[in-house]
Structure formats: C-alpha cells, structure tokens
Amino acid sequence: MSDTHALGARERLAPSLPFRAALPRLNLRSYRRFLSPLVLILLWQAASMAGLIAPRTLAAPSTIIATAWELLLSGELPHHLLVSLGRVAGGLAIGVTTGIVLAVIAGLSRIGEEVVDAPMQMLRTLPFLALVPLFILWFGIGETPKIALVALGSAFPVYLTLFAGIRGVDPKLAEAGRVFGLDRRGLVRHVILPGALPSGLVGLRYALGSAWLSLVIAEQINATAGIGFLINDARDFLRTDVIVVGLLVYALLGLGADALVRAFERRALAWRPNLIKA
Amino acid sequence: MTDNRQVSVRGLTRRFGTNTVLHKLDLELEPGSFTALLGRSGSGKSTLLRTLAGLDPRPVEARIEVPEAVAVAFQEPRLLPWKRVWENVTLGLPGKGAPARAERALAEVGLARHRDAWPATLSGGEAQRTALARALVREPRLLLLDEPFAALDALTRIRMHALVLDLWRAHTPTTLLVTHDVDEAILLADRILVLDAGRIAADIPVGIERPRSHGDARFAALRRRLLSELGVEAEVIREAA
C-alpha cells in the first residue's frame, strides 16, 4: 500500500534544488520581456526631445514622470485617488453583494430561478453604460449615479458566474453529502458554495474590470474630484502629461485589484489540482 | 428480540415510467452478514441499494426496515475536493470527537499520514480507501457497497478486497455489496443473491471457508452456476477459460 505521494516529495525538495536552477533563466526571460517596452519609451522620449511630438499631442515620458511626482507630493493625486477608490469600493460592495444574493436565490431554488433569472438575463443584454442618461435623471449628478453605475456593472458578472457555478456542482457530491447526514444548510455550506467558488471568483475578476470601466465613464459625469476629474480638468488646459498620469493610475488600480483576487484565489482554491502542481 | 442490524424488505416495487425495475421484491439480511447482490446492468441492483440507503423515495406500500446507521461507499469515491482528507471523513459528523475518530478510521484503512492531503493528490485506491474510512467512521449497522472496486486497477482491487473483509470482521456491520463481478462476489460474501427482472432469482449460500482461492473446485462450480443464472451460456464460459 505504498502508493507514492508525489506532492509530498515535491514539497520537500522545493526549497533547495529547483529554485537555484531556475533563477538565472527566469531573470534573462524577464529582462527580455521588459526590453521592447523600454526601447519604445526611449524612442518616444527621443522623438519628444527632437520636437517630433508636440507636448499638446503627447507629453514626453520624462515630463510625465516629473508631473506624477509633483502631483504625488502636492497631495493632489492621493486626494483624487482616494475619491475614486471610495466610489469603486462602495459600488463594488453593493454590486457584488447583490450579485451573490441573487445568484444564491436563483441557484438554490426553482422558484428563485424563475423569479430572478429571467429578468437578470434580459437586463444583462443591455449595455449598462448606456444607462448613464437615465441614471443622471434618476440620481442627479452627485456621487449616487457614479456608485450606482459601478454597482450595476459589477453585479452581473458575479451573478452570472456564481449562478452557473452553483448549478454546475456535481449532483453526485450533493448526494454523498446527503447520505452522510448533511441537511440542506450543511449541503449549501459544505458542498454547493465551495463547489461554485472557482466560477464565482472568475466572475469577481470580471466584476473588477467592469467596475473600473464604469468608474471611468461615471467620472466623466460632472465630477469635482477623482481621477476622472483630474483627466477632464487637464484636458481643458491641454495638459497631456496629467492625462497620461491619470491613465497610468487607472491601469495600476486595475492590475492591483486583479492581483488581489488572484492572491485570494491561491488561498481559497488551494485544493485545485492545477494550483497544487504550480 | 431484533438485532439493530436487521434488514428487511417486503413487497418493494419500483417503476420508472412503464419500466418496472423492482417487482414485489422481498429481502431479508441476517445481522452482521456479508451478502453480495449480483445482476446484469439494468437489473435493478443499484435501485435496490439506493432505496436501502434512503437516496430514492420509499414506496408507501412496501415495508422496509433498515438500521438507522447506514453508510454507503459508491463506485466513485465522491470526496469533496475542497476538503482535506480528514474533513471528508468527518463530513456531517457532529461533535468535538470527530477529528479523533477520523484519525482512527484513517489509520484503519492505512491512510494516517494522508490525513491533511487534498483529495486531488490521492491515487484511485487511496481515494476509495478514504471513502471507506468515511463510511466506517459512522459505525454503520448497515454498510452498502455500490461497486466500490469497479474503477480500480486489478492489483489495487485485490488489496481492497482484503481490506474490506478485515473491516467487516472488525466492525461486523450487515454488509450488502452490489457488483457485477462474479469472482468478487464469491471471494467476499457469505451469501449471493442474483437479481433478475426485478426479483431475487437465486439465493445461494457460499459454503467455502475463507481465505478462498480461485483454484478451489467449489469456487469453480459456484462460478459456473452463477454465470448460468446470469444468462452467460456454458460454451462462452468454456471458451473464456
């Protein structure tokens, strides 16, 4: 009965051998990956210095870095960043919660599915960004329409993936759970929700992407603070450097959020074979 | 005085649409006995097992008595991949003593050192042994085995046969093994039932002392008899031998 336990063996070896062997190769490859963007930026810098790209078309990389530093030190960037983060956090909290609640209701009962799923499937075909005019009429131009738009954009991906995940749980596992004495609550907690989690987390990543997109659009609506405001304001003064800084911040926020979900995935889905091997 | 391992079924009929799967079936299992249920695919053996396990609805007109503590091992291990091995074993068990009981059950099936492993890292045999531990830890009075060896390779299967016999001897639950493997039935059970057309077509005691060997003349005779009960013709048997 000594079936070899491959994982255990690999774990024990891991800290010493493969690490040292893999290190130089990894470095070389990552250098190569950064090489071409670096060359492009240098070319851009050279073109700007030679006067080929006018500052009002696109600022030079060096100017952009200097501007970013200035905005950071003056407290302007942190202020706008916090406002934007607040909107995304508020919208996501509402949207993701709504998505989860609706998916659980629709996923766990026939009646729930009939009541919830049909309208959700209809609504999701609407491009939600097209609702901006209606939102302005309903909620005015304050914070509410911005948060509502983020919430709307993030609720659908979570709902759709989690609902599919709940319905995709292997009925044989649920049956085994029943044989071994799980009641309905136990089944939901130990079998159905953990089984739907991988799919739900994919939805969460979509939701984050959708949330940033909603934020960009929302912040074009008469904002007086936030990264979007910073960008719009800069446009009026032809400050392409500030615009690019704003865009970079958007990009970094998106990357950061994705990394956060992935870190959570690595912990919560540690049981999955592909993650075990990695 | 009835033993709390008594199993008794009277007049069980199950239909799916127009198809009658079980027809007025009667079944009596001795407390602590090991019975094998043979039958062609579609003969209703899984339906009978599922009814005993409480997985299928019990028809009102049938009288079914089974112990309260029933455990099942399925053809697939059916472990929850997101729970570690010991958590799978204690699934649905109440109380603080559950982890310690899981540990003992895992030791009994030889998996003590895998208690914290994820199911996806187990081999087929290890996963099926975990499923056995999960059934055992409930101290079942009725143990239902639904072709639990069918998906295993031949060598692992031999080891599993021995393990199941050991566990049965140690805990003496009334055991019902559903299988379509005649050799497996003769090797393990005290009594073999052949299910055909929704009824028990043959009820044969296995009077061979353990350990049993394929070379035994009584083994071969019983095997021939069971195969003919199952409708496999004599020529085919000779041909294959």
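The exercises below, each with a worked solution, concern a predicted model of chains A and B.

Local features need pLDDT of at least 70, side-chain atom pairs count only at pLDDT 80 or more, and totals for chains, interfaces and linings use all residues. Residues are numbered from 1 along each chain as its sequence is written, and chains are lettered from A and ligands numbered from 1 in the order in which they are written.

**Exercise 1. The sheet in chain B**

Task: State the strand order of the open three-stranded sheet of chain B, and find its edge strands.

Solution: 
- Step 1. Strands are DSSP runs (E, at least two residues), numbered from the N terminus, and two of them pair if DSSP finds at least two bridges between them.
- Step 2. The order is β2-β1-β4 (chain B), with antiparallel pairing.
- Step 3. β2 (19-29) and β4 (63-65) of chain B each pair on one side only, which makes them the edge strands.
- Step 4. From one strand to the next, the twist averages 30°.
- Step 5. Strand β1 (residues 7-16) of chain B is joined to β2(B) by seven bridges; across this pair, B:Leu12 stands opposite B:Leu25.

**Exercise 2. Two helices of chain A**

Task: Describe how helix α4 (residues 76-108) and helix α10 (residues 227-236) of chain A cross, and which residues meet.

Solution: 
- Step 1. Helices are DSSP runs of H or I with at least four residues. Axes are lines fitted to C-alpha atoms, for helices over the stretch in contact, and angles run from 0 to 180 degrees between N-to-C directions.
- Step 2. The two axes come within 7 Å and cross at roughly 130°.
- Step 3. α4(A) is therefore oblique to α10(A); under 35 degrees counts as roughly parallel, over 145 as roughly antiparallel, 65 to 115 as roughly perpendicular and the rest as oblique.
- Step 4. A contact requires C-beta atoms, placed from the backbone, within 7 Å. A:His80, A:Leu81 and A:Ser84 of α4(A) meet A:Ile227, A:Phe229 and A:Leu230 of α10(A).
- Step 5. This contact has four nonpolar, two polar and no charged residues. Ala, Val, Leu, Ile, Met, Phe, Trp, Tyr, Cys and Pro count as nonpolar, Asp, Glu, Lys and Arg as charged, and the others, Gly among them, as polar.
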